Structures are given as C-alpha cells and as structure tokens.
Amino acid sequence: MGSASSSYRVIHLDVDGRIQKVVFSRFCSPCDIKELFCTALGVPRNTNLSLLDSSGAMVSIDPTMPHNTERLPYRVVPMTGGQLADKEELFQNVLTQVAEQFSRAFKINELKTEVTNRLAMLEKRVELEGMKVVEIDKCRKDIKKLREEMASRNNSNFLEDTKKLTPRRDVPSYPKYMLSEQTIDALKKPAFDVWLWEANEYHLSKETVKALRLPTFDAWQWEPNEMLSCLEHMYHDLGLVKEFNINPITLKRWLLCIHDNYKNNPFHNFRHCFCVTQMMYSMICLCSLQEKFTQVEILILMTAAVCHDLDHPGFNNTYQVNAKTELAVRYNDISPLENHHCAVAFQIFSQPDCNIFSNFDPEAFKLIRQGTITLILATDMARHGEILDSFKQKVDKLTTQMKSTSPV
C-alpha cells in the first residue's frame with residue numbers, strides 16, 4: 001500500500017524572484033489548481049494564467065503537470081487584456097457557429113433534451129471563461145431564441161398526419177404499367193448485393209462478380225409508380241389475389257397507403273421496402289418455396305417484407321433507447337422500431353378499404369397477424385445472432401436426420 005503523500009503533488013513557482021512551494025491533491029480540478037496559483041501570485045482568482053517552464057514552453061495547469069524542483073521552478077504569467085479579448089472573440093465565434101449548426105440540424109422532438117443539456121453547458125463555459133457581462137447577456141438571448149425555435153419545431157409526434165392512414169378513394173391514382181416479359185423475368189432474379197453476399201463466402205471480389213455477368217435485378221432504375229405496379233404484379237403472379245379472393249382495388253389502395261407511410265429517409269424509405277420485397281419474391285421463385293410452404297405462409301412472407309420498416313423515423317433502436325424517445329418509452333426499450341412498424345401496419349389493415357385480409361375468418365386472420373408480427377420483430381439486428389444460431393441448429397438437426405434415414 002502506498003503512502004498518503006502519494007496523493008499530493010508539489011509544484012515550485014517563481015513569484016517575483018522568490019520560490020513559492022505549492023502543494024495540492026492529485027484529485028484537485030484544473031480550476032482549483034489555477035485558483036491556488038492565483039493566490040500564490042497575489043492576483044484575483046478569476047485571472048487567466050499562463051504557466052511556463054525553464055525553456056519557455058507552456059505547461060498545462062492540471063493535476064498531471066510534470067513535477068519540477070526548486071532549481072527549475074515554473075514561471076506564472078497573468079494573461080494580458082489583449083489576449084483575453086482574443087479569447088473572448090474566439091469563444092463568441094465558436095458559440096455562434098454551434099448555434100447555427102443546432103438551428104439547421106436538429107428538428108425533431110427526440111433531440112430536445114440533448115440540445116438543452118448542451119446549451120446549458122455552453123452557458124456555463126461562457127461564464128467560466130470570463131466573458132464580459134454584455135456578451136454573456138447577448139449569448140443568453142441567442143440561446144433563448146434558439147430554444148424557442150426548437151420548441152416551435154418540436155410539437156410533432158409519430159403519425160401526426162392522420163391523413164396518411166386514410167385510404168385513397170381515387171384509385172387507381174398511379175398509372176397501370178404493362179410490364180414487359182423482360183421486366184417480369186428480371187423481377188424473379190436477386191439484386192446485385194445478394195450475389196455479393198454469396199460471393200463473399202468464396203472470397204470473390206466485387207469486380208469478379210461483375211465480370212461473371214450474373215443475372216441480377218436493378219432496383220434503382222424504377223420510379224415510385226413503377227415500383228407500386230411491380231409489387232401489385234408480385235401478389236397476382238404468386239396467385240395470392242386469386243387464392244384469397246383479394247379485391248384488386250383494395251390491393252391498390254393498400255399499396256398506396258404503404259407508400260405514403262414510408263418516410264423520405266436516406267435508407268429506410270419506400271425503395272428499401274421495394275428492394276426487400278423483391279428479394280423475398282425472387283427467393284420464393286428461385287427456391288420453389290410455393291412447393292414447400294402453404295399459400296398463407298407465402299402471403300405472410302410477402303406482407304411482412306412490404307411492412308417491415310413502415311414509418312421508420314431514420315434513427316436506430318440504440319438511439320431510441322439512449323434518447324428515451326416516445327417509442328422507447330412506449331415499448332419499454334424492447335425493439336421499439338420493429339414494434340412500431342407492426343403497429344402502423346395493422347393500423348392500416350384496420351381501415352376496411354385497405355384490408356387485404358377482409359375475406360379471412362377471425363382465426364385465420366389471427367394466424368396471419370401473429371406470423372407477420374413474428375417476422376417483422378425478427379428484423380431487429382440485436383436478435384440476429386440469436387436467430388442465426390437457432391437456424392444453424394435446426395439445419396444441423398435436419399442434416400443429421402436426413403443422413404440417418406438415407407439408404408446406404
């Protein structure tokens with residue numbers, strides 16, 4: 001065990017030609033040490049100081065500053081008025097830039113608490129750095145104005161626009177495209193990214209995959225109306241409309257309502273919905289899943305893909321939980337986004353003109369609802385490892401069973 005003296009630091013200062021010994025705890029804050037140096041120097045406590053070693057180099061005033069001796073004391077120099085003025089101007093410019101950045105960037109209610117805390121810290125820093133009273137007052141007014149701007153912008157909640165959930169009656173409001181045979185065939189092929197994932201298992205580069213000229217589907221060349229027509233075609237082509245007697249106009253209204261409830265995010269937008277659904281459709285076709293799954297299971301797979309990111313706010317679950325947003329509080333920090341996507345999906349289905357499941361009896365609808373919710377909740381990447389491990393165990397078990405029953 002070390003001695004108690006190890007908890008203290010000894011620094012020697014040159015004060016007008018005499019050596020002043022200063023002792024302080026290593027747990028002191030830089031502000032406490034500076035005030036101690038001011039007392040030793042005989043100047044006001046709020047005076048800004050510069051600490052110089054024997055070579056004239058500046059030394060940081062904090063508990064970790066290098067130890068010195070009486071023969072090599074530190075020289076303490078009070079900062080001049082001109083230096084303070086430059087520092088004040090620098091802080092004013094930084095504060096103005098920060099205020100402008102906050103004003104432009106933060107527009108949603110979930111960040112209000114974080115912004116308020118940062119502004120409070122800025123206020124404290126401004127006062128501690130010894131700015132003039134007039135400048136402090138001006139900064140406070142700027143901060144107050146910024147807070148009022150934030151308050152005026154943060155009165156919105158998720159799904160505040162109730163019109164989004166109201167089905168359109170002017171159907172068809174998007175033109176009915178006659179899909180060419182080439183387009184119909186392309187829809188059944190995986191996107192380029194899927195080939196990349198597969199190629200990664202064999203350590204093939206992106207350039208090699210391109211050179212192979214594998215058949216792919218380009219999801220980036222389609223306009224929203226064209227994507228809606230493609231989605232409509234998938235439900236018809238898989239026989240879901242005919243099998244379950246889905247009203248074609250209801251299908252159109254539902255797809256339009258889905259489109260309206262995807263936000264214009266950089267990633268989690270309607271095009272992402274289309275990409276995921278097209279990938280599901282291509283897997284169903286290429287793997288002949290209709291021979292292995294029931295039509296109800298195919299309907300659940302397709303519908304979950306369409307709905308899996310509805311009304312995504314653009315910030316992930318980690319942010320929702322850490323910022324204590326409305327969604328995190330509502331769903332007790334358990335997959336808040338995925339639970340929200342499910343809720344919005346079935347809010348839309350609750351509208352008679354958008355309910356593609358209207359011809360199912362209550363028990364069948366309950367099965368579809370449960371299956372859709374299970375699939376959407378499984379898109380929470382926090383559960384990816386758990387789900388993948390379970391899948392691998394089932395594959396291993398199935399492989400073992402197949403080997404044991406196969407003829408020798």
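Trainee: In what sense do strand β3 and strand β5 pair, and over how many bridges?

Mentor: Strands of a sheet pair through backbone hydrogen bonds, either parallel or antiparallel. Two strands count as paired if DSSP finds at least two bridges between them; strands (E, at least two residues) and helices (H or I, at least four) are DSSP runs, numbered from the N terminus. Here β3 (residues 49-52) and β5 (residues 74-78) are antiparallel, over four bridges. Leu49 stands opposite Pro78 in β5.

Trainee: Which helix packs on the sheet?

Mentor: Helix α1 (residues 30-41) does, touching β1 (8-15), β2, β3 and β5. Contact means heavy atoms within 4.5 Å. The direction of α1 makes about 155° with that of β2; axes are lines fitted to C-alpha atoms, for helices over the stretch in contact, and angles run from 0 to 180 degrees between N-to-C directions.

Trainee: What is the order of the strands in the open sheet?

Mentor: The order of its five strands is β2-β1-β5-β3-β4, with mixed pairing. β2 (18-25) and β4 (58-59) each have a single partner strand, so one side of each lacks a neighbour in the sheet.

Trainee: How far may the model be trusted?

Mentor: This is a predicted model, in which local features need pLDDT of at least 70, side-chain atom pairs count only at 80 or more, and totals for chains, interfaces and linings use all residues. Residues are numbered from 1 along each chain as its sequence is written, and side-chain values use heavy atoms, without hydrogens and water. pLDDT is the predictor's confidence in each residue, from 0 to 100; the chain mean is 80.
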